[in-house]
Amino acid sequence: MGFLKPFLRASFRHGIHPDPHKGDTASRPIQRFPFPDRLVLHLDQNIGKPSLPIVKKGQEVVRGEPVAVADDFVSVPLHSPATGIVRGIELMPTARGPKTRAILIDVYHGSTQEVLYSVKRPLHILPRTDLLRAIQETGMVGLGGAAFPTHVKMTLPPGQEYEIHTLVVNGAECEPFLTTDHRVMLEQTEDLIRGVRYALEATEAKQAIIGIEDNKMDAVHAVAAAIEPDDPITVQAVPAKYPQGAEKMLIRSLLGLEVPPRALPASVGVVVSNVGTLAQLGYLLPRGEGLIERVITVTGAGIKRPGNYRVPIGTPIRFLLEEVGFEGEAAEIILGGPMMGMSASSLDTPVTKGMSGILVLNEKAIEQEAENIYPCIKCARCVQACPMYLNPSEMGQLAAKREYEQMESRFHLTDCFECGCCSYVCPSNIPLVQYFRIAKAMNREKAKA
Amino acid sequence: MPIFKKPQIEVRTSPHIARHQSVADIMLNVVLALLPILAYAVWLFGLSVIALTAVVMATCLGTERLFAYLSGRPNPLGDWSSTITALLLALTLPPGFPLWMAAVAGFVGIAMGKALFGGIGYNVFNPALIGRAFVQAAFPVSITTWAPGLFEGRFTSFIPTTFTPPFLSPPAIADWVKAVSLDGFSGATPLALQKFQHVQAPLNDLLIGSTAGSAGETPALLILVCGLYLAFRHMLDWRIPVAVMGGAVLTDLPFYLLDPVRYPDPLFVLTSGGLMLGAWFMASDMVGSPLTTRGVIIYGALIGFLTVIIRLFGGLTEGVMYAILLGNASTPLIDRYTQPKVFGTVRKKEESQ
């Protein structure tokens, strides 16, 4: 098929084409969400060390004021999304399962949407280290779902000889149902470009490429139109294919580079950042404000007003579902997208910085999964789907026999980033990626012991 | 009353959606793709093929159900895989094959080819071919007794050998053949004619299947169309039949160029015997074939190569069955040496060179 190459958009190999389901929300502009009565700010909503609270029970806080500070380099501060009073620091349910410590804030009725706290800096003369510190102080983490502190990502690992040449801006949004990045690219185009310029400065990359899936051509054109001629920024459409938005896949699609197993994108001279993250950074940095809200897609069966909402961090999903009008029987509530998101175990789980969507599935949508598991018929669909070129079929059979170490030693289990393509395509209904998660956890336990 | 009430919301791990195509969907489509070939076989050979298919189907499904019952597994007939085995077995037997021998083939195929390994997904070999290989060894005369296609009275009477009583040898049918066939039917397949008399059957006859052979292996063109249907619906890896056919052509071509009288031309190789049916419907069986693209191509080419070698230099006229069984046997070995290379490792190698 080499002769077709000039006519095809470059992409990574393998992957799947799930039904995008984006029609319900893609054309709905971002709407601001009201404050709930109580906000729940988990201290551990970023990857790395949990934030260190600096407020006491009963203390009054204003919208935008820091309530917790970064406890380490790989940590970020938290800001109060509303004006109110600190109710306490208590254990609250998280999407992951265990309860962890969170700052509870009772919101004053009639609390203003105006941000009352900011620290302005002369950004244009800041040296790189101070710019990175300014980024850290916004409390910014990867909004695509990973919640990895943005300033850490833009800092090279110490002692490494890498040189960053390209900043890849991830506008793929390959998860079905989610449309937040799409709307942000359309509505916050200026913020996004500004954010990309800051990120170029912070990473010292020579160029930036914004990669957008070709089912969002309106975003491609909008972003391209906002780039100034002297910006070293380009926009590139990539084929709509899951998991196009995975770091390693997008780098391969845009630059043709493959990041070696277990290495960071920096090892091939690339830093990847999400469009939502950079748009938010471009909005917050010049104002000197902290991250207190994010855009979330709320959609699915029984949602009366599906759409994209700018929601204060810490809003319990119970309040969120009540506000958008929820009717009917929910069988499952998913935080994030349907391919990699987490099931909510409690409606008291709050919106966190890394949460990109809330999706309600009813009985019918998940019927298939409840069916029996058949033996593997070696149809090789998982092998043809795995974007990491692993062998889910053989690993699945080893997992069923609990040969977890062999999965690692012979089949590179740790290179699986749990995109779920294998489980999605399996005609025998084998919970492959679910097996792999268990296997990884078991191997980690064993390594510790 | 169940102890647990239905949960209000369920908690699962991702992915929360799946493609709605199950094993049963795939298998059912293979069954559907085989039906036109069966219908054509009935048109060619009449009532005998209907009886043959019915008996093979009954024994295959019965054996599958019996072994599932004995080993306490749930009823496996819903996955349609034993129906495929039955259809393939019936189509690869001679149309007038004695019914009691067909029942033996069906039982052995499912019992020894599939149930003993643990049922669907665990069999090493294609069960239909296990059944056929068994009767090929057990009943060498019956398995090479051919009836002429389109013979007179095929919808009112049976081929005389069909109703051979159990454990008896079938009657000789040379006189019957002479009586019913219009154009001096020799009772030899195109492969035998080519091999021993160097007479090559016309390509047209091979394409439409009006030559001697097993019930459903002769209409090369129809088999190709049915196979393409499955390939387009992504229920068959098209690389396997293409590799089988490619391997066969490439193996045969040098011999044909050396001695076009003695050796068949590549088109004949493709359209004669069971190559089409074997390539599209038996070699492509997912369970017995390797996982990776590289593996599948090696596997297919190996089957094509072995088929031609057996046909040209073996004692038998036809080699597809043994070639596929040997291919199945080498699948674990092929799989072992064609593991996919993990993302990012290929690039590293290139750099270090």
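Predicted model: local features only at pLDDT ≥ 70, side-chain atom pairs only at ≥ 80, totals over all residues.
## Where the two chains meet

Let's start with the interface. On the chain B side, 40 residues are in contact with 58 residues of chain A. Together the two chains bury an area of about 4500 Å² between them, and carbon and sulfur atoms give 58% of that area.

## Polar links and the makeup of the chain B side

Between chain B and chain A there are 16 residue pairs in polar contact, counting pairs with both residues at pLDDT 80 or more. Two elements of chain B, α1 (23-45) and α15 (345-352), each give two or more residues to the side that touches chain A. That side of chain B is made up of 17 nonpolar, 14 polar and nine charged residues.

One salt bridge is found across this interface. To see a salt bridge for yourself, look at B:R12 and A:E332, whose closest N and O atoms are 3.7 Å apart.

## A closer look at B:G149

Now for a single residue. B:G149 sits in the loop of chain B that runs between α5 (127-138) and α6 (174-180). Its relative accessible area is 30%, so B:G149 counts as partly exposed.

Setting aside neighbours within four places in sequence, B:G149 is in contact with B:L44 and B:F45. As for B:I223, this residue is 74 residues from B:G149 in sequence, and the two C-alpha atoms are 17 Å apart in space.

Definitions and conventions. Residues numbered from 1 in each chain as written. Chains lettered and ligands numbered in written order. Heavy atoms only, no water. Helix = DSSP H or I, 4+ residues; strand = E, 2+ residues; numbered from the N terminus. Buried < 20%, exposed > 50% of the residue type's maximum accessible area, 1.4 Å probe, protein only. Contact = heavy atoms within 4.5 Å. Buried area = accessible area lost by both parts, 1.4 Å probe. Salt bridge = Lys/Arg side-chain N within 4 Å of Asp/Glu carboxyl O. Polar contact = N/O pair within 3.5 Å; in protein donor to acceptor, adjacent residues only side chain to side chain. Nonpolar A, V, L, I, M, F, W, Y, C, P; charged D, E, K, R; others polar.
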